[in-house]
Amino acid sequence: MATTKRSKHINLNRMRKAFSVKPLTLGVASVLLSACGAEREEAKIYTSIDDCKQDYPDALEKCEAAYQTAVDEAMRTSPRFNSEYDCEYEFGPNQCRSVNTNSGSFFMPFMAGYMVSSLLSPNRYYSQPLYTSSSYNSPFRSRWITADGYVFDGDIRKRNYRVRKETLKPKPTVNRTMKRGGFGSSVRAKSSWGSSSRKGGWGG
């Protein structure tokens, strides 16, 4: 499978370089906390994969693996658009790229970061891609958001989170595209900012 941004072809094995030029985020959680009766995982947000390695010099391979997992999840779960214009309307100029697959082509936003829970767990960790928007049309401008529209509180400068376990559930696979405003409309339709509601959606 190969991807392209406008006219350039990018091999999936080189996605690391494609994403490295964009803001890169890593939330690493290793402590399970109990707050108001609900279990939460403490997360720290980084702006690059190297920052993860600096904080966890004895877990270099896990930092790398968590990044690659997020890349793979971005391809599987990212919102898809019919045109670059529709995608940039939601995420901002130069924040989208073209993807060609055997089933067709579409545009998707660049992965702006990723969040990992329980990185140092002896069992398993969880990694998911994060996105943000620079578009004035976007209801999540300068905020972190998941592929299915979960908006985190605060703006992209916030570096520490305690997230509910439900926030880390696997996102649905996306197989269809949407038009301009579709992603933002779904976000606005949620009951509150940061809701984990799966109503609506764009998978299938």
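A: Arg143 counts as buried because its relative accessible area is 18%; buried means under 20%, exposed means over 50%, and partly exposed lies in between, using a 1.4 Å probe on protein chains only. This is a predicted model, in which local features need pLDDT of at least 70 and side-chain atom pairs count only at pLDDT 80 or more, while totals for chains, interfaces and linings use all residues. Residues are numbered from 1 along each chain as its sequence is written, and side-chain values use heavy atoms, with hydrogens and water left out.

Arg143 sits in the loop that runs between strand S9 (126–130) and strand S10 (160–164). Helices (H or I, at least four residues) and strands (E, at least two) are DSSP runs, numbered from the N terminus. From the C-alpha atom of Arg143 to that of Leu130, 13 residues away along the chain, is 9.8 Å. A polar atom of the Arg143 side chain lies 3.5 Å from the backbone oxygen of Phe152.

A nonpolar core is a set of buried Ala, Val, Leu, Ile, Met, Phe, Trp, Tyr and Cys residues joined through side-chain atoms within 4.5 Å. The largest one has 32 residues, and Phe91, Met111, Tyr114 and Phe183 have the most contacts inside it. Among the elements that give two or more residues to this core are helix H2 (49–55), helix H3 (60–77) and helix H5 (182–188). H3 gives the most, with seven residues. A second, separate core of eleven residues includes Phe152, along with Trp144, Tyr150 and Val163. In soluble globular proteins, nonpolar side chains tend to be buried together.

Another buried residue is Ser78, with a relative accessible area of 1%. Ser78 is in the loop between H3 and H4. Leaving out residues up to four places away in sequence, Ser78 touches Glu73, Met108, Pro109, Tyr131, Ala147 and Val174; contact means heavy atoms within 4.5 Å.

The mean for the protein chain is 75, and 72% of its residues reach 70 or more. Helix H4 (residues 84–91) has the highest mean, 94, and strand S4 (residues 32–35) the lowest, 40. Over residues 1–21 the pLDDT is below 50. It also stays under 50 over residues 25–37. Where pLDDT is low, the predicted coordinates should not be read in detail.

Methods. pLDDT is the predictor's confidence in each residue, from 0 to 100. A polar contact is a pair of N or O atoms within 3.5 Å; within protein, one must be able to donate a hydrogen and the other to accept it, and residues adjacent in sequence count only if both atoms are side-chain atoms.
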